Each structure stands twice: as C-alpha cells, then as structure tokens.
Amino acid sequence: MLEFDYPVYRPPSESYSLILQVSIGCSHNACTFCTMYKSKRYRQKTWSEIQQLIAETAKKYSRTRRIFLADGDALSLPTQTLIQTLESLYSSFPSLERVSIYGGPKDALNKTAAELKSLKEKGLNLVFLGIESGSNIILKEVKKGVSPQEMIEAGQKLKNAGLKLSATVISGLGGKMHWEKHAIETAKVVSAINPDYLASLTLVLQDGAPMLEKMERGEIQMLTPWEVLKETRLYIETLELSGCTYRSNHVSNYFSLSCVLNEEKEATLKKIDQYLADPHLKSLPVDNNRML
Ligand code: SF4
C-alpha cells in the first residue's frame with residue numbers, strides 16, 4: 001500500500017491512474033469556496049523524496065500506464081524537479097503512457113514558454129486547470145488570485161506548449177446576483193483558451209469554506225437547480241469552441257450533460273430547454289448537502 005498525506009484529490013477521469021504526491025497541499029490555498037487543502041500546509045517535496053517515492057512505487061506497480069501528480073498544484077514544483085520526475089517515471093515504469101497534473105494559473109504564468117514546452121517533451125501530457133469564473137468581480141470575490149486576462153494567458157500558454165488542457169468552471173459561483181455575468185464572462189475566457197476538455201462543477205459549500213459564512217449571513221444566495229440550468233444554458237450558448245469535449249457529470253452537478261462543442265451546441269441547448277420546461281424542476285430547492 002502506498003502511503004498518502006490525506007486528504008488526496010484527483011480528477012474523476014484519473015480514476016485508473018496511480019497517484020503520486022510530489023507536493024503537499026495547494027500553493028495558493030486561498031479560494032473562498034474551496035476546503036480541499038485547508039488542513040494542509042503547502043510543501044514541495046525534494047527531489048530526493050520524490051526519487052525515493054518513485055523507486056518504492058515502481059517496485060510494487062511496475063505495469064502502471066497512467067500517473068497523476070498531486071497535490072493541488074504539483075505544477076508549482078521547480079521545472080528542473082518536474083523534468084527529473086518525468087525522466088525517472090518513464091524509465092521506472094516501462095508501460096507508462098500518460099502523466100497528468102493539477103496546475104494553478106499562477107504556476108503556468110510563473111514558467112516560461114520554453115519550460116512548459118520542455119515538460120511536454122519530457123512526457124507531461126495533460127494539465128487540469130481550475131478556471132472557476134471569467135468574471136473579474138467573481139474571481140476577486142472568491143480570491144482566485146488572478147484576473148480574467150491572466151487566466152486566459154495561463155491557459156493559452158499551456159496549450160501553446162503542446163500540453164493537453166482540461167479546464168473546470170463552477171456553475172453558480174456568482175450566486176443570484178451575478179449569474180448572468182458569470183455565464184457570459186466565463187464563456188468568453190473559456191472560448192479564448194479553447195481547452196481540449198471542459199467540465200462544469202456546481203457550487204457546493206462545505207464546512208470551513210469562508211464563502212459558506214457569507215452564504216449563512218445572506219450575503220450570497222445560491223442558485224436553485226433550475227437557476228443553475230438556466231445559467232448553464234446561457235454559458236453554453238455563449239461559448240465559441242472547437243473540438244472541445246464538454247462534461248457536466250461530477251458528483252456536485254444537479255444534471256448530467258456530455259457533448260462536443262461547438263459541434264453539438266444546438267442539440268445540447270435543445271436538451272437543456274426540455275429540462276427547463278419541466279415544472280417539477282422549477283420547484284426544486286437549493287441542496288447544499290448533496291455531496292454528503
Ligand atoms: S480551488 Fe484550487 S487553487 Fe483554489 S484553493 Fe482550492 S485547490 Fe487551491
């Protein structure tokens with residue numbers, strides 16, 4: 001059994017990957033809706049710790065084909081450490097086909113284009129980036145740490161390096177006050193990046209999230225399932241993408257959607273309109289406990 005510093009998170013699509021913690025926690029760790037790494041102090045593992053981790057893991061799981069590098073933004077590691085890690089992974093796991101990683105926008109901005117390209121050349125395939133929102137007001141409010149323009153630069157930089165990009169946004173993040181702004185501005189930022197994969201999560205506020213206190217004080221009102229769907233419709237309608245695989249099938253979502261954008265946009269909007277016309281759906285209340 002591998003030893004982990006819990007809690008450990010991975011994207012749903014990495015369910016068959018071996019997870020290696022090369023960093024602990026999240027270097028930003030300030031987003032007000034997120035509790036994932038609040039119990040951890042951010043730390044980068046040293047090359048010697050990573051070397052030992054790879055050696056021990058390779059003995060037990062030598063036939064591994066996919067590896068996911070955790071924690072919250074392992075891309076924050078120095079480029080040289082990541083290059084050494086990738087070289088060691090491909091030589092220690094002979095069947096390895098894919099290495100993916102979580103990266104924050106600041107991690108991408110802090111690396112040069114040449115550094116990102118060298119990571120791609122050493123076998124880093126896929127980066128998971130949390131965009132969350134494209135609205136400046138919302139990004140500031142949730143303390144994401146970057147502006148919409150910086151988010152676009154980060155996403156484009158990763159893509160221009162030849163890395164596959166999987167981006168997530170959070171439906172309902174602007175609450176009732178900013179839902180339209182959230183849908184339209186987020187669609188603009190995502191369209192400027194044109195990620196390979198795009199997922200919608202839906203806002204759930206867990207104990208310890210600073211945003212939960214705001215909600216309890218009535219300063220933010222969460223969207224009902226019907227309102228989330230209405231926001232999603234406007235978001236998808238505004239997106240201008242090409243060949244992007246879109247999914248809304250995370251455990252936080254009220255609805256499941258799956259399509260290729262823009263190619264299947266019209267059919268998807270039609271499906272959403274059918275859901276929106278359901279009177280039962282319109283009466284459903286907010287459920288902030290749906291992930292318990
Ligand atoms: S949302 Fe991502 S960047 Fe923000 S605190 Fe959580 S893990 Fe860190």
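The legends below describe close-up views of a predicted model.

Local features are given where pLDDT is at least 70 and side-chain atom pairs where it is 80 or more, whereas totals for chains, interfaces and linings use all residues. Residues are numbered from 1 along each chain as its sequence is written, and side-chain values use heavy atoms, with hydrogens and water left out.

**View 1**
The ligand is surrounded by Cys26, Asn29, Ala30, Cys31, Phe33, Cys34, Met36, Tyr37, Glu132 and Lys144; a residue is counted if one of its heavy atoms lies within 4 Å of the ligand. This shell divides into seven nonpolar residues, one polar and two charged. In this scheme Ala, Val, Leu, Ile, Met, Phe, Trp, Tyr, Cys and Pro count as nonpolar, Asp, Glu, Lys and Arg as charged, and the others, Gly among them, as polar. Cys26 is buried at 17% relative accessibility, and Cys34 is buried at 17%. Buried means under 20% relative accessible area, exposed means over 50%, and partly exposed lies in between, with a 1.4 Å probe and protein chains only. The structure holds zero disulfides, a disulfide being a pair of cysteine sulfur atoms within 2.5 Å.

Glu132, one of the residues around the ligand, lies in strand β6, which covers residues 124-132. Helices (H or I, at least four residues) and strands (E, at least two) are DSSP runs, numbered from the N terminus. Glu132 has a positive phi of about 70° although it is not a glycine. The relative accessible area of Glu132 is 8%, so this residue is buried. Ile131 also belongs to strand β6 and is buried, at 0% relative accessibility. The C-alpha atoms of Ile131 and Ile170 are 8.2 Å apart in space, while the two residues are 39 apart in sequence.

**View 1. Helix α1 and its two faces.**
Helix α1 has 14 residues and reaches 20 Å from its first C-alpha to its last, close to the 20 Å expected at 1.5 Å a residue. The expected span is 1.5 Å times one less than the number of residues. Ile50, Leu53, Ile54, Thr57 and Ala58 are the buried residues of α1. Seen down the helix axis, these buried residues fall within an arc of 125°, so they line one face of α1; the arc is that of the directions from the helix axis to the C-beta atoms. The face turned away from the buried side carries the exposed residues Lys59 and Lys60.

**View 2. The salt bridge between Glu97 and Arg65.**
A salt bridge is a side-chain nitrogen of Lys or Arg within 4 Å of a carboxyl oxygen of Asp or Glu, and a search of the whole structure finds 14 of them. In the pair shown here, Glu97 and Arg65, the closest N and O atoms are 3.2 Å apart. The two residues link distant parts of the chain, 32 residues apart: Glu97 is in the loop between α2 (79-92) and β5 (98-103), and Arg65 is in the loop between α1 (47-60) and β4 (66-70). Glu97 counts as partly exposed, at 48% relative accessibility.

The side chains of Glu227 and Lys176 meet in a salt bridge of 2.7 Å, N to O. This pair links distant parts of the chain, with Glu227 in helix α9 (residues 225-238) and Lys176 in helix α7 (residues 175-193), 51 residues apart. Both partners are partly exposed: Glu227 has a relative accessible area of 25%, and Lys176 is at 31%. Arg233 forms a salt bridge with Glu237, with 3.2 Å between the closest N and O atoms. Arg233 and Glu237 both lie in α9, four residues apart, about one turn of the helix. Glu237 is partly exposed at 40% relative accessibility. Salt bridges that share partners join Arg233, Glu237 and Asp273 into one network.

Tyr6 and Pro7 are joined by a cis peptide bond with omega about 0°, and Pro7 lies in the segment before β1 (18-21). Another cis peptide bond joins Ala70 and Asp71, with omega about 5°; Asp71 is in the loop between β4 and α2. Asn194, a residue other than glycine, has a positive phi near 50°. Its place is in the loop between α7 and β8 (197-202).
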